2 protein chains.
Amino acid sequence: MAEYKAPLRDIEFILNEVFDADSIWASMPATSEVNLELASAIFEEGARICENELLPINRSGDEEECQFENGNVTTPKGFKEAYQTYAESGWVGLGGDIEFGGQGMPKMLTVMFEEMLYASNTSFALYPALTTGACLSILTHGSQALKETYLPPMYEGRWAGSMCLTEPHCGTDLGILKTKAEPKGDGKYAITGTKIFITGGEHDLTENIVHLVLAKLPDAPAGPRGISLFLVPKVLVNEDGSLADRNSVSCGSIEHKMGIKASATCVMNFDGAEGYLIGEENKGLAAMFTMMNYERLSIGLQGIGLGEASYQSARAYAQDRIQSRSPGGAVNKDQVADPIIVHPDVRRMLLTQRVYNEGARAFAAYVGMWLDMAKGHEDESTQKKADALVALLTPVAKAYFTDRGFDATVLGQQVFGGHGYIREWGMEQFVRDARIAQIYEGTNGIQALDLMGRKVVANDGAAFGIFKSEVEVFIAENKEAGDMIASLQTALDLLDESTQVVLNSAKDDAFAIGSASCDYLDLFGLTAYAFMWAKMMVTAQGKEGDFYTSKIAAGQFFFARILPEAHAYAAKVNAGSDTLMSLEADLF
Amino acid sequence: MAEYKAPLRDIEFILNEVFDADSIWASMPATSEVNLELASAIFEEGARICENELLPINRSGDEEECQFENGNVTTPKGFKEAYQTYAESGWVGLGGDIEFGGQGMPKMLTVMFEEMLYASNTSFALYPALTTGACLSILTHGSQALKETYLPPMYEGRWAGSMCLTEPHCGTDLGILKTKAEPKGDGKYAITGTKIFITGGEHDLTENIVHLVLAKLPDAPAGPRGISLFLVPKVLVNEDGSLADRNSVSCGSIEHKMGIKASATCVMNFDGAEGYLIGEENKGLAAMFTMMNYERLSIGLQGIGLGEASYQSARAYAQDRIQSRSPGGAVNKDQVADPIIVHPDVRRMLLTQRVYNEGARAFAAYVGMWLDMAKGHEDESTQKKADALVALLTPVAKAYFTDRGFDATVLGQQVFGGHGYIREWGMEQFVRDARIAQIYEGTNGIQALDLMGRKVVANDGAAFGIFKSEVEVFIAENKEAGDMIASLQTALDLLDESTQVVLNSAKDDAFAIGSASCDYLDLFGLTAYAFMWAKMMVTAQGKEGDFYTSKIAAGQFFFARILPEAHAYAAKVNAGSDTLMSLEADLF
């Protein structure tokens, strides 16, 4: 019953009008052949497959769930057929490297398609998302032979990928993992151990699954510097690329979860499975981290997509459902009640959803742009700046998109009243599906520690200074554009001040970073959205038409009713670590 | 796997040390025989049944769900036996009227037991909760004959109750309901119509179910002033109280929901069913509203209970799960990692849960106290003041307990990382079960409208002034007690200022109330918790022992890290209605 149409007009507004993507793409060799016309064609085709093939099996997939029997996982009805259509249309390789059969589209473009994918069917979206992540690791760190053997069928969607990191006793703290890799002498390794929470570890969508597995060599140093990365295919591959025997890797069971029930979350057992080293020995974590920024941004998009799907459904319901009268007098005089969208509090919920979604969508394009520049800009100083911004902004995007995306799905459910709690309407599934995005791919608490510790304090605020100047340049150029510019400046000042507070306190308080991190990330994310909303409002000003009227109204709501939270976050950051650390652990 | 022990020490602290319940109870005839010794015995026995009988069937009940077949509802395994034990021990009538077999315990006491009940098994708790609600309506507005026939078996738990309000086309707006009541000439009525979302409308726990049904008489005026309340038993009752034939009321189906899956949510069909008027014709809504304050407070307790259960489980996990090292250096040197409770951000999550739960528990006692005084205080001015405070504070309690309770369950789930998303750990069930409390018994948006419109603006802030003086008296008496007193004053000032802003703007802006309501309720709730935390800290000061050390530390966390949100809420309230109302409905 959920309603969802890909937000093509807003995507076009962001890419074309707000960011002038054409000139960005033209400025880099890798994207010089990409343009908005091509992008529009891709989005239209993408919208079609999302709306027509994936959305219709979203609810049924949730009810049916994946089934496990004798080591095999069966995806819900319709998933296999939809995946075949999806793969055959070339979507898996959309952002893949051209040399190995990918389509080479920039991240600034693919973020928009990924959002649609998560919006229409998050469980489905995860199968190709994990393949994309695995491809990126192979592309960046794998040998030429591994790339030639594995990337083409993965981009084609004939083979899928999985990322095998977590073990029963370790998730965040990968340094203590136990999976072993024994060199077999022929350049191959025997991988033995158990991995849990493996998304797409086993399923019936593809003829092969390529597992990227973190494991320890026999003589590896302890801790995170002793971890290596291996490629372990489900089915071994002959030299000619054809499939040979099953490898000694198997699925032991699947998890029963709160949501994303049509996505198989597997326990994977490696029993001396044949594997191939990716990158250097003991540098597996570093190899994982290079693809991390792409994957984290991608998981952030799950928050936006589900927030958007929830918004569109809630908007339709609020325009349709009649209940009580407008406080300003009946607007629907020939019926017994008015549509609930007349009520200010219903509007508050809808507008909150909307400003989260659209602020995030613009910020996703912004971070995607810097990712593309970090990868392919020829000017060294721009490339370096892009590197710093990507590192800084990615944890903000992942955590803030998914936290506010979750909030958005809860608000959308609330608009439906009691009907929102009933499964058939689909609103509660959005909440359950959105919840995982705050947890996996590094919990949002870990994102915040990464931001505050590695990305802000570790470089003494240098990367933050780059972002700050970006905002300041915009403010300087648009001083007269309206009240929102002063509000943006206030938020930036609060963020800047909190940054300095933590930089100072971190010098002699080991707990300063962790005590500030989550509220600091919230303050950062909120300021980033304010930056995006101010940019969007400036872009929309003076243009005629409903789209621009609506955009400016939403922006005004953001500055009046959402941005004031900045003061609360700043006060929390600045409160320091005392009240968190004074209580003995056993007195909780 | 969830851990839960009834928080008996905290309950004792709140009732005895913070509020001196003994002297309150001694001051009123209806409670003069109640004392803390008796209360402790009740709580210990209550804790036993909750921990030993209800908690063990909470997870299994969620997995099994209620089953529907041929009009019959089967509750999950163990529910029937647990209910029998529960009823036979007299728990259903705990707060019931003594004249009809109840135990007459005050609300200030029963809130604590209700919290335990929701904590250990919310689905189970709802069956007796609805019975209690129905009893209250019968007691307050029913004829002596109805009371004598129905109350004793309901207090005994032999018969259950249900409240039949919602219809497919109306929930909040009951004025447009369609269920008909035709007078049959013998003082009885024939009730015809369909009700939905009826909690406990049908089940296998009791031999009879007493439905309280809102319906319209043939000549009733339109709107809310044309609604009457009827008692419609599932099985008709002979004059001697024995059961006769089945009445023409049946369950058409049950809903498949996000949570509270072991609670039957029924579609109920009334097909000329025999019913008896409760109260006066066309005054059904008023009759419902008199019991509403009790029921709303009760649903608020669901938020506290689930927040507490989630907190206790998360605390145990954080003390046990080892992962990474403390930023201050290893504390667990003989193991590979430290328990995650060493991390400030994990502590932030746990402490946030805790201050929500304990602030709410104290406020529940406070509101319960005023409910008891409103019902039974002999001094007329105290009784009137209590009436005003109950009306004002109940919507705050219902909405703020359940909103923050939901947040608490989400935080507890987050502490578990990926394991929190897996069903077997039970943390995600708390989230799903808590979510409904924000929706039913009047959505929290409706609570906020009730607060802002009927309870604040309608009496021009008079009731708010009474609450404000209560806080001011406390502040005046404890001026030197610590920094928290000044913080409480700041929050009270913000709340007072926002109250005045809305009182003014409501004079010429029809949308002022609805635009401010939700943020106003949040500001009110936060200030109420600050009041409670300041009271608890003052009470704990100067006393020795871990309990008091821990209580004061939690309070310091509350004032440093939670109360700053007051500024954001106030800014939102004061922003007015423009940004909510300017956008045309079709431009959303």
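Helices (H or I, at least four residues) and strands (E, at least two) are DSSP runs, numbered from the N terminus. Under this convention, A:D338 is found in the loop between α8 (284-320) and α9 (344-376) of chain A.

This is a predicted model, in which local features need pLDDT of at least 70 and side-chain atom pairs count only at pLDDT 80 or more, while totals for chains, interfaces and linings use all residues. Residues are numbered from 1 along each chain as its sequence is written, chains are lettered from A and ligands numbered from 1 in the order in which they are written, and side-chain values use heavy atoms, with hydrogens and water left out.

A polar atom of the A:D338 side chain lies 2.8 Å from the backbone nitrogen of A:N332. Leaving aside residues up to four places away in sequence, A:D338 touches several residues, including A:R321, A:S324, A:G329 and A:N332, where contact means heavy atoms within 4.5 Å.

## The interface of chain A and chain B

The contact draws 92 residues from chain A and 92 residues from chain B. Between them the two chains bury about 7700 Å², with 61% of it on carbon and sulfur atoms; buried area is the accessible area (1.4 Å probe) that two parts lose on being put together, summed over both. On the side of chain A, A:Y421, A:R561 and A:F588 lose the most area to chain B, together 13% of what that side buries.

Between chain A and chain B there are 50 residue pairs in polar contact (both at pLDDT 80 or more). A polar contact is a pair of N or O atoms within 3.5 Å; within protein, one must be able to donate a hydrogen and the other to accept it, and residues adjacent in sequence count only if both atoms are side-chain atoms. Helix α16 (residues 546-562) of chain A gives the most to the side of chain A that touches chain B, with eight residues. By class, that side has 40 nonpolar, 28 polar and 24 charged residues; Ala, Val, Leu, Ile, Met, Phe, Trp, Tyr, Cys and Pro count as nonpolar, Asp, Glu, Lys and Arg as charged, and the others, Gly among them, as polar.

The rule finds six salt bridges across this interface, a salt bridge being a side-chain nitrogen of Lys or Arg within 4 Å of a carboxyl oxygen of Asp or Glu. A:R423 and B:E65 meet in a salt bridge through their side chains (3.8 Å, N to O). Both residues also belong to a network of salt bridges that links A:R59, A:D62, A:E63, A:R423, A:E428, A:R432, B:E65 and B:K261.

Over all chains, a search of the whole structure finds 72 salt bridges.

| Pair | Closest N and O atoms |
|---|---|
| B:K188 and B:E274 | 3.6 Å |
| B:D522 and B:R404 | 3.2 Å |
| B:R432 and B:E428 | 2.7 Å |

B:K188 in strand β5 (residues 188-199) and B:E274 in strand β11 (residues 265-278) of chain B are 86 residues apart, and their pair links distant parts of the chain. B:K188 is partly exposed at 29% relative accessibility, whereas B:E274 is buried at 14%.

B:D522 and B:R404 are both buried. B:R432 and B:E428, by contrast, both lie in helix α11 (residues 427-435) of chain B, four residues apart, about one turn of the helix. B:R432 and B:E428 are buried as well.

## Aromatic pairs

The whole structure holds 55 aromatic pairs over all chains. Rings of Phe, Tyr and Trp (its six-membered ring) pair if their centres lie within 6.5 Å; planes under 30 degrees apart count as stacked, over 60 as edge-to-face and the rest as tilted. The ring centres of A:F547 and A:Y548 are 5.5 Å apart and their planes stand at 90°, so the pair is edge-to-face. A:F547 is partly exposed at 22% relative accessible area, whereas A:Y548 is buried at 11%.

Note on methods:
Buried means under 20% relative accessible area, exposed over 50%, partly exposed in between (1.4 Å probe, protein chains only).
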